[in-house]
Amino acid sequence: MDITALIPEFLVLSLAGSSLSIAAYSSFKDRSDDQKLLLIIATLFSFAFLVIFILSATTLNNLTFNQFILTLLFYALIFMAILSIIGFIIQRLRIDQKYKDDELESAIDIIESSMDGLNSSITLFETKEK
Amino acid sequence: MQFDYTLILILLSLSTLTVIFIIKLIYKHNPHYDDQYGKEIVLFHSTERYKKRVWRFNLIEKLKNQKIKGKIIGELELKVIVGEFSEGTQEIVKHAANHKFNSITIISGPKVFCEDRMEIYTLLDKYKSVEYLILPKRPLKHFMIFNKTHLFIEKPHRHNHSRGSVGVMKAQPKLIEIYDQAFNKMLKYAHPLTKDEAMKQECYIN
């Protein structure tokens, strides 16, 4: 089978998968683990797109110089765009993780400060009673 | 290049294993876990009134279901210390009373919001499982203990302010013990209030 016939379908499929995963990610508000999984699925789709994109480049032949330059430019731009999306996803994962860590830290701060004053607030009643 | 089915099979197996590994890794890591305090610690910002309420409602329903299934033996109990027995806490108490909590103890400061007095009267009249006690002075630390297992802790705040709070599901026994002891100590300085006395309670005009 000629692989060039499959390339457009693969390109569309991987790009659509990536976009759908990111869209699904945005629609989730609470379930953080599900969000993370969707971001990872989006990364897998993006990498799949890159693989098929590079494969499509290897099947190019019989181009004039100008066509070659323009194709090269096109490939470079798309490559940069997809890499940026992957970068964005990884950055998002890191920010989400940091946000959750900060939330846990603040929650622990509240617990600790609440515990610290527990006894002294009771002593207040003891002294009042005496 | 010829199609090598063994290679394809290996590739497919490897991909499946990788996916299983990724999924396990993601769902295994619990960002709300702290071994010193509890299994699921959730922070609520002061603006998240709805989220706070839903978290406590869900917890009450979960405990009720566990009780029905026989996973919890004995009475379901709720212990509450608040500055004022206000609307938000009343909702939680009503929900608990309607969901098989047979022992609900509320310790509150001496004052309430004037518009809440009638609500407190009705609540005490309707639910016999609710015991309402007041302290001579407004307590500074506010918390709820759900059936000696789960905690809800509020950040200290003034009566007319709301601040962040923390929910701890499956709190560590040591932590529960600290709060339970504090509750029991407070109980010594509190005196029970009847529904009629609740109507005469000192109040803040909102």
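**Close-up views of helix pairs and a cavity**

**View 1. Helices H2 and H3 of chain B.** In this predicted model, the axes of helix H2 (residues 49-68) of chain B and H3(B) come within 10 Å and cross at roughly 20°, where axes are lines fitted to C-alpha atoms, for helices over the stretch in contact, and angles run from 0 to 180 degrees between N-to-C directions. H2(B) and H3(B) are therefore roughly parallel to each other, a term for angles under 35 degrees. The crossing of H2(B) and H3(B) is right-handed. On the H2(B) side the contact (heavy atoms within 4.5 Å) involves Arg49(B), Arg53(B), Arg56(B), Phe57(B), Ile60(B) and Glu61(B), and on the H3(B) side Glu87(B), Glu91(B), Ile92(B), His95(B) and Ala96(B).

**View 2. Helices H3 and H4 of chain B.** Helix H3 (residues 87-97) of chain B also pairs with helix H4 (residues 117-126) of chain B, their axes coming within 11 Å and crossing at roughly 15°. That makes H3(B) roughly parallel to H4(B). Gln90(B), Val93(B) and Lys94(B) of H3(B) make the contact with Glu119(B), Ile120(B) and Leu123(B) of H4(B). Three of these contact residues are nonpolar, one is polar and two are charged.

**View 3. The largest cavity.** Searching the whole structure gives one cavity of 30 Å³ or more, a cavity being a set of points on a 1 Å grid over the protein atoms alone where a 1.4 Å probe fits but cannot get out, with lining residues having an atom within 4 Å of a point. The largest cavity holds about 40 Å³ of space. Its lining consists of Lys100(A), Glu103(A) and Leu104(A) together with His32(B), Ile41(B), Val42(B) and Leu43(B). Helix H3 (65-129) of chain A and strand E1 (38-44) of chain B are the elements that give two or more residues to this lining.

**Notes.** Residues are numbered from 1 along each chain as its sequence is written, while chains are lettered from A and ligands numbered from 1 in the order in which they are written. Local features need pLDDT of at least 70, side-chain atom pairs count only at pLDDT 80 or more, and totals for chains, interfaces and linings use all residues, while side-chain values use heavy atoms, with hydrogens and water left out.

Terms used
Helices (H or I, at least four residues) and strands (E, at least two) are DSSP runs, numbered from the N terminus. Angles under 35 degrees count as roughly parallel, over 145 as roughly antiparallel, 65 to 115 as roughly perpendicular and the rest as oblique. Ala, Val, Leu, Ile, Met, Phe, Trp, Tyr, Cys and Pro count as nonpolar, Asp, Glu, Lys and Arg as charged, and the others, Gly among them, as polar. On a 1 Å grid over the protein atoms alone, a cavity is a set of points where a 1.4 Å probe fits but cannot get out, and a pocket is an open set with protein on both sides within 12 Å along at least five of seven lines; lining residues have an atom within 4 Å of a point. Grid points are joined across faces, edges and corners, and a volume is the space filled by probe spheres set on the points. A crossing is left-handed if the near helix is turned anticlockwise from the far one by less than a right angle, and right-handed if clockwise.
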